[in-house]
Amino acid sequence: MNTVSPTLPSAAPSDSPAWQNSCRQLYFALLGESGSRVGQIDESTRCASRAFLLEKLHVARTLDSDFPAESRLLPEVMHQAHEDTAHAYRRYLDERRAGSPRRYFSCRAHAMHFLRAVAPTKFVDGAWLYGLLSRWQDPRLASLIRIYLEELGCGVASQNHVVLYKQLLARYGCDHWENGPDAHFTQGAVQLALAHHADAFLPELIGFNLGYEQLPLHLPISAYELNELDIDPYYFTLHMTIDNASTGHARKALQSVLDCIPRMGDAAQFYRRVEDGYRLNLVGMGTPDAIASFDLEQELLRVLADKASIGAHLHSDYCLIGGKPVSQWLSPAGQIPEMLAALQATGWIRRGQSPEHSRFWRLLTDERAPMFGVFDGYEQQLLHDWIQADTSATSTARPTVRPGRHAPDGNDEQALAPMESGASIEQIIAHHAQGQVEPANCAEVDALFKQLEGVGTKSQALGILEGMLSPANHPTPAGLAATRLYADLFSRQGVYGY
């Protein structure tokens, strides 16, 4: 059986291939290659991700945290932190009932900006635990693997956290998040790097998981204010229940730390590395930082500049604003502020009024208008809230946009019932293949079960399935089918034993 080693990983070679200090580049490199078995990434990405992880751990050691000096104090400290968060949230609710304004979101566009800003992290939810799948026979890690399977909804699309977040973004027209600022990708890159270096950084991974599964104050407040702004908060309230400190992921994360502290070897060094991992949650842009980074006018100018780079030469010269053709206003894009001022001066935009009174707004939203469909839901909301201007009074208003698909198909919600524990591996696989709930004639799902034909042992089956449970693959039809089968096999009698 593998052991939990407290040995600190050595520094990466100084000539490690560069990722050009871009968290976004590393994020997509790791995500793009995460369909392979754990650790099977090219040498360039492996060296870059290791150097990145060591760098962020160095930063983490300089940060303050509530992590106790002794492991025996962990349960008490984690419980007190949960109580402090609960009391702080109660005070927030009392303030709101007394008439205080929202603490986080100034307007609906602000909330939608937040959904996009945290998307890189949400799309790799639980990814750090992926690196443990190959160690399924270690009973000390079983609860962590179970947490990962639950993040994946145990293969049920309507419970898979990444699927849920994709549906949330699609519903509100917030799909385009990939080109966000580099800072948005730091935490996601950390999580993916941990997944691919789980063996070398196991104490840090365990500590990271402990910190991540605690209840932060921003979570219930975000859910409360999203609901006020007519944005479905289910994804966030789900994490408040599944991560609960009594029976949920927070409790399992704590127990995994206590279970993995070595009885032989340097337990003190192991515990210090767990603390490093715990602090690693604080590295990069957190939720409060993402919320605070929003400026309505600057974000609108950024969006319009992006549109100008594409559409500067696509406008006819007969349309004049302030005596100048639109094409001239848009090239170069640096004239966007002056163009907005001209739109207001000529009455095309009437700020402080309902957007419906602005001709420019109708050019974007009327179904037969020349610019219909050019702006997505988030971009329309930005313009809507900027025109309306008085966000404190009317910030819950939402423009009419074409909704994205939100609710999963009904058959996605039906998990396949497990067979008796005495069934053979071949029978179990056949049972799942016959009962698949993915779309009919899905070639990837068929290929998965074709690959499993003739597998005679649980170890062989889990080894084949492992790659399909990766952060890149698990939200796909084949990934969901693989997750259901993996969860079934993992939970059968004897899986926790040696």
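This is a predicted model: local features need pLDDT of at least 70, side-chain atom pairs count only at pLDDT 80 or more; totals for chains, interfaces and linings use all residues.

Student: At what angle do α22 and α24 cross?

Tutor: Roughly 40°, and the axes of α22 (residues 443-452) and α24 (residues 477-491) come within 8 Å. That makes α22 oblique to α24. Angles under 35 degrees count as roughly parallel, over 145 as roughly antiparallel, 65 to 115 as roughly perpendicular and the rest as oblique. Axes are lines fitted to C-alpha atoms, for helices over the stretch in contact, with angles running from 0 to 180 degrees between N-to-C directions. Helices here are DSSP runs (H or I, at least four residues), numbered from the N terminus.

Student: Which residues of α22 and α24 meet?

Tutor: E444, V445, L448, F449 and L452 in α22 meet P477, A478, A481, A482 and L485 in α24, with contact meaning heavy atoms within 4.5 Å. By class that contact has nine nonpolar, no polar and one charged residues. Ala, Val, Leu, Ile, Met, Phe, Trp, Tyr, Cys and Pro count as nonpolar, Asp, Glu, Lys and Arg as charged, and the others, Gly among them, as polar.

Student: And what does α21 touch in α24?

Tutor: I425, I428, I429 and H432 in α21 meet R484, L485, D488 and L489 in α24. That contact divides into five nonpolar, one polar and two charged residues. The axes of α21 (residues 425-434) and α24 come within 10 Å and cross at roughly 145°.

Student: Switching topic: how much space is in the largest pocket?

Tutor: About 990 Å³, the space filled by probe spheres set on grid points joined across faces, edges and corners. A pocket is an open set of points on a 1 Å grid over the protein atoms alone, where a 1.4 Å probe fits, with protein on both sides within 12 Å along at least five of seven lines; lining residues have an atom within 4 Å of a point.

Student: Which helix gives the most to the lining of the largest pocket?

Tutor: α14, with four residues. The lining divides into 18 nonpolar, 15 polar and six charged residues.

Student: How far apart are the axes of α10 and α11?

Tutor: 9 Å, and the two helices pack at an angle of about 150°.

How values were computed:
Residues are numbered from 1 along each chain as its sequence is written. Side-chain values use heavy atoms; hydrogens and water are left out.
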